[in-house]
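Please find below a colleague's note on the two-chain model under review. It is meant to be read with the sequence and coordinates at hand.

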Amino acid sequence: MEENAFDPELIREIFRIVWQRRASEREKNQLSQNEAEAGANTSKKGRLTSANANALKLSCELLRLFVKEAIQRAATIAEAEGSLKIEATHLERILPQLLLDF
Amino acid sequence: MASDVEREEEEEDESVSELLRDRFRLCSISIAEAEAKQNGMEVSQPIMACISDLAFKYTQQLAKDLELFAQHGGRKVVNMEDVILAAHRNDHLAGSLRSFRNDLKTKEPQSDRKRKKNLTKEDKAAVDVLHMADP
């Protein structure tokens with residue numbers, strides 16, 4: 001079943017980059033707003049958000065399902081239209097509902 | 001608006017995340033291709049790129065959500081409940097994630113045994129010797 005899946009380490013690195021970016025943005029905002037509050041928040045921003053191993057595995061599964069669903073739904077539309085190749089129009093038709101479902 | 005230093009930092013950041021994005025794309029393309037094959041379908045190249053890009057954007061959004069959920073729970077570490085919460089809008093999705101979580105949980109105590117299974121014969125012999133030496 002799991003012949004193809006995302007690598008949890010890869011997902012961890014992507015998450016970390018997003019979290020780093022957000023942390024530095026937060027820091028910038030804090031500095032510009034008022035430095036009096038920054039003192040109270042030092043403990044809060046001390047450590048970057050991280051994820052445990054099982055949470056990463058679960059995220060990988062969620063992303064795998066996302067890709068799977070995208071292909072499966074597009075394939076259904078393509079099949080209904082008698083096409084053997086998934087084209088842009090097929091993706092366009094399933095995209096709104098796909099994005100609502102995830 | 002942004003100063004030159006900031007811009008440079010962003011560029012550096014970009015090159016790292018671009019590498020990650022490409023690795024992510026390769027992963028998602030292999031998943032998509034396997035899935036298409038199962039359905040007896042071909043996928044045109046631009047659509048493949050589109051889907052992998054969508055998945056990448058979704059990953060970034062997911063990272064933001066997970067961080068917020070963990071913060072809301074007063075934690076700095078994202079756990080499995082946060083991931084399930086991220087899929088709460090879709091009952092089917094949340095359900096299948098929950099069963100995946102349960103699978104992971106039941107597997108956990110066996111992970112030690114699994115690791116032993118993967119040992120080479122030499123390692124096994126070494127383990128046996130250790131066990132014999134124990135008493």
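The numbered points below take up each chain, the contact between the chains, the nonpolar core and selected helices.

1. The structure is a predicted model.

2. Chain A. This chain contains five helices and two strands, arranged along the sequence as α-α-α-β-α-β-α. It has 102 residues, of which 39% count as buried. Where contacts in chain A join residues at least 6 apart in sequence, 69% of them are between residues at least 24 apart.

3. Chain B. Six helices and two strands make up the secondary structure of chain B, and their order along the sequence is α-β-α-β-α-α-α-α. Of its 135 residues, 30% count as buried. For contacts in chain B between residues at least 6 apart in sequence, the share joining residues at least 24 apart is 30%.

4. The contact between the chains. Chain B contributes 54 residues and chain A contributes 55 residues. The area buried between them is about 5,200 Å², and carbon and sulfur atoms give 70% of this area. On the chain B side, the residues that lose the most area to chain A are Ile31(B), Met41(B) and Lys76(B), which together account for 14% of what that side buries.

5. The largest nonpolar core. This core has 58 residues, and the members that touch the most others are Phe6(A), Leu62(A), Ile86(A) and Phe24(B). At least two residues each come from helix H1 (8-33), H4 and H5 of chain A, and from helix H1 (4-38), H2, helix H3 (80-86) and H4 of chain B. H4(A) gives the most, with 15 residues. Because domain 1 (1-73) and domain 2 (87-135) of chain B both give residues to the core, it lies between them. In general terms, nonpolar side chains tend to be buried together in soluble globular proteins.

6. Surroundings of Phe6(A). Leaving aside residues up to four places away in sequence, Phe6(A) touches Ile11(A), Cys60(A), Leu63(A), Arg64(A) and Val67(A) in chain A, and Phe24(B), Cys27(B), Ser28(B) and Ile31(B) in chain B. One of these, Ile31(B), has already been named among the residues of chain B that lose the most area to chain A.

7. Helix H1 of chain A. How far apart are the end C-alpha atoms of H1(A)? They are 37 Å apart, which agrees with the 38 Å that its 26 residues should span at 1.5 Å a residue. The buried residues in H1(A) include Leu10(A), Ile11(A), Ile14(A), Phe15(A), Ile17(A) and Val18(A), and also Trp19(A), Ala23(A) and Gln30(A).

8. Helix H5 of chain A. H5(A), residues 88-101, has 14 residues and reaches 20 Å from its first C-alpha to its last, close to the 20 Å expected.

Methods:
Residues numbered from 1 in each chain as written. Chains lettered and ligands numbered in written order. Predicted model: local features only at pLDDT ≥ 70, side-chain atom pairs only at ≥ 80, totals over all residues. Heavy atoms only, no water. Helix = DSSP H or I, 4+ residues; strand = E, 2+ residues; numbered from the N terminus. Expected span 1.5 Å × (residues − 1). Core = buried A, V, L, I, M, F, W, Y, C linked by side-chain atoms within 4.5 Å. Buried < 20%, exposed > 50% of the residue type's maximum accessible area, 1.4 Å probe, protein only. Domains from an automatic or database assignment. Contact = heavy atoms within 4.5 Å. Buried area = accessible area lost by both parts, 1.4 Å probe.
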